[in-house]
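Work through these exercises with the model open beside you. Try each task before reading its solution.

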Amino acid sequence: MNDTFQLDGEDIPFAPGQTIMQAATAHGVYIPHLCWHPDFSAHGSCKLCTVKVNGRFGSSCITQAQPGLEVENRSMELDEKRRTLLQMLFVEGNHFCPSCEKSGNCRLQATAYELNMMSPHFDMFYPNRPVDASHPDVLLDFNRCIMCSLCVAASRDADGKNVFYMGGRGLLGRRVHISSESGHLGDTDFAVTDRAASICPVGVILPKRKGFAVPIGQRKYDLAPISEHVAEDAS
Amino acid sequence: MSDTDTIDAVLDRHHRNGTRLMQILRETQEQLGWLSPATLTIIAKAVAWPRAMVEGTADFYSFFHTRPLGRYRVLWSDNITDRMLGNTDLMESMCKKLWLEPGRVSEDGLVSVDTTSCTGMCDQGPAVLVNYRPITRMTPARVGEMVGLIRSETPVAKWPVEWFAVDDNIRRKDILLDHGLVAGQALAAALELGAEKMLAEIKAARLRGRGGAGFGTGLKWEACRNAEGHGAHPAHYVVCNADEGEPGTFKDRVLLTSYADLVFEGMSIAGLVVGAKKGLLYLRGEYHYLLDPLESALATRRQAGLLGANILGTSFEFDIEIHLGAGAYICGEESALIESLEGKPGRPRIRPPFPVTHGYLDQPTTVNNVETLAASCLIAAHGSEWYARHGTEKSTGSKLLSVSGDCERPGIYEYPYGVTVRQVLEDCGAGFGKCDCQAVQISGPSGLCLTAAEFDRRIAFEDIPTAGAFMVFDESRDMFEVARNFAHFFAHESCGFCTPCRVGTTLVRNLMDKIANRHGSPYDIDELFKLHRLMQGASHCGLGNSACNPIFDTLNKFRPAYERRLMSLDYEPAFDLDAALSQARQMTGRDDAAAHFSAHLPNEAEA
């Protein structure tokens, strides 16, 4: 680990093959992200981790670290773009934080706080998205889906089940498909113990019969902002 | 034959191979009308893919239906050139005659009418696809007759033959269209040279990709040739990108109609150079009608010893397969095209690695434009020195332009690179004194919008690179409406993978509609610029990066077209009370003045 690159002026060491995101995370530096997870291959779709690499925009989760790179991360310009991306994610779904079981543990909400997003800014789309309560132990509320594909990766790579798949096209078409003819989770071999059951960064995949066990206000990101939780991703 | 037998026959034909999923879905749908949940389950089991993956593909492409859409499906090509030829009124009258709303299926399940992205018939529009067969030159009379044929349930195969005529409209020939080669001549020359010398010739000719980006063809072939195949089935592949989806482009259609041998021969030369035994031609779904003639052209070449084993008596082995797309502009992007070839949704891959090292089935693959491959034949037959004498220093050879819009002679024009825009306008009958040309959109919506002051610029990689679209707009055209048409196109065609493009293209479309409905303010124009800046840097691929180009260009060059629509306020609330009442009006069947919010009377709303 002799090679380094510069991230907002700080020297970041990296191992060969590491991406900018992996190296920064290992070094305890937070780059905002939603679709990236250290246990799975990078998806590169949310674009929250967009940085400037030697003056050019790029996603830090899919850009290889190179010696001597100059990377800009938490600049006004980039955080402004990230706020707009967050606003896009908020208006394309139906996000009502006060009534959501995930509030306080939600990465979308926590990232919006981190980036000082004060309003959704754009007109809400209010899409008509179904709720799937067919599974005995798990509820799916697609109103909150941000198309990160982490459930797809976890079910495929960790559980070996392929319960989920991202299909469809465009703003209204893109959605998570469920591997059963009825399209219901209850008709698949999905289990609450699957890795995919606990991977969702927002409140789509929730265990049933468990609500508000920890009061809102005392949850993970209520206690410390998401940028102070980098160590969890590094471990 | 039961549905299950029908599906089984299709599956057998494709050896139950998941990478053939696009073809399996299309052929199944052609026979069963749509792809029901049960059908998808059978197919998923047969190809041993997770069912959600099969459904994900079926759900991605515009031409696959996971719900019934009628025994007659009429799709109106909705490029701006179709609009200029009156497609909106024609479609409306068709819907009225059929008592139908656009996008809805008639209650008896007989027919649905909708719009689709440019079908590549811009020189002979307005065009429609009926059950995915193209019909050109629609007129009010044809609409009337067509409605009669649909009502009487006359099979499309029995409709008047002349409706399906697609003309080449070749207006100017140069070295490519006047090639004078016989089938096999260029390939024989290439075989004589051998792979290495042929590659050197391509490099010396400085041939560049005709898809618009202009990457050096020799470099691409060399990188592919040098990359090693890997895994259990190492191989190299040649892919011909015939997913000609950029609105306003139709030159590949003409090459595949009347110069197919040249294209196949170019693919074979590429195969020789990169060391591939297999070539795949990805034909856009809109050109389904070319599939049979192309297949028979392949058969003829096989009989002539120009495809298959021991080509022209040498040890060279190469064959070509045709894959049909299903209505997705994004598949013109080379890595999305490869995903589609593998049976998946057309989502651009993360690069690197690039297709030249990890392409089709993860093997080294060269993806080239139809025209590039055809041009390689000229280099094989006549040599690099001869070829490089044509065109300019950095853009050798010639370029096919697809000219449409306000001109006397729309069609295909071939010029040596370096021709001025003004010269093209003169030749196509849009020059000065003929029609007052206001603007030219070059290389489609993602390209460049030129005003009269820029008509001395040149078509060449060093000035204006282009895939070939050349749409002409006279003084009567409203450049705001041109840009709004393009905004709708991108919102429809965004694959939805990355946030900025998925949401951004729709936000841009909505802002353009807001301005069109006279609810815009200077604030909305600032919003358009802001979205342009975000999407241009942060999007995953070229679609999102260039989706705001037409807005940006027209805002800079035709600002008054926007400003005359703005309210004279600094800020206008997005909520429109009158529009909110529209549903109530529809339900009560009222449209009188009292049913409108006082500030918006019906005739004003239409203005």
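**Exercise 1. Strand order**

In what order do the four strands of the open sheet in chain B run, and with what pairing?

Solution. The model is a predicted one. Start with the order: β2-β1-β3-β4 of chain B. The pairing in this open sheet is mixed. Next, find the edges. They are β2 (111–116) and β4 (133–135) of chain B, each pairing on one side only.

**Exercise 2. An enclosed strand**

Why is strand β14 of chain B largely enclosed by the rest of the structure?

Solution. Step one: take residues 469–474, which form β14(B). Step two: apply the burial cut-off, 20 or more other C-beta atoms within 10 Å of a residue's own. Five of the six residues in β14(B) are buried, so the strand is largely enclosed by the rest of the structure.

Step three: look at its pairing. Strands of a sheet pair through backbone hydrogen bonds, in a parallel or an antiparallel sense. β10 (residues 398–405) of chain B pairs with β14(B) in the parallel sense, over four bridges. Here B:Gly405 has B:Val472 of β14(B) as its bridge partner. β12 (residues 437–442) of chain B pairs with β14(B) in the antiparallel sense, over five bridges.

**Exercise 3. Two domains in chain A**

Describe the domains of chain A and the contact they make.

Solution. Domain 1 covers 4–74 and domain 2 covers 84–209 in the assignment for chain A. Over C-alpha atoms, the centres of these two domains are 25 Å apart. Eleven residues of domain 1 and 15 residues of domain 2 take part in the contact. The domain 1 side has six nonpolar, four polar and one charged residue.

**Exercise 4. The chain A side of the interface**

Which element of chain A supplies the largest share of the side that touches chain B?

Solution. Count first: 31 residues of chain A contact 32 residues of chain B. Then list the elements of chain A that each give at least two residues: α2 (76–92), β8 (164–167), α5 (170–173) and β9 (175–178). The largest share, six residues, belongs to α2(A). Last, sort the chain A side by class: twelve nonpolar, twelve polar and seven charged residues.

Technical notes:
Residues are numbered from 1 along each chain as its sequence is written. Chains are lettered from A and ligands numbered from 1 in the order in which they are written. This is a predicted model: local features need pLDDT of at least 70, side-chain atom pairs count only at pLDDT 80 or more; totals for chains, interfaces and linings use all residues. Two strands pair if DSSP finds at least two bridges between them. A residue is buried if 20 or more other C-beta atoms lie within 10 Å of its own, exposed if 12 or fewer, and partly exposed in between; C-beta atoms are placed from the backbone. Domain bounds come from an automatic or database domain assignment. Two residues are in contact if their C-beta atoms, placed from the backbone, lie within 7 Å. Ala, Val, Leu, Ile, Met, Phe, Trp, Tyr, Cys and Pro count as nonpolar, Asp, Glu, Lys and Arg as charged, and the others, Gly among them, as polar.
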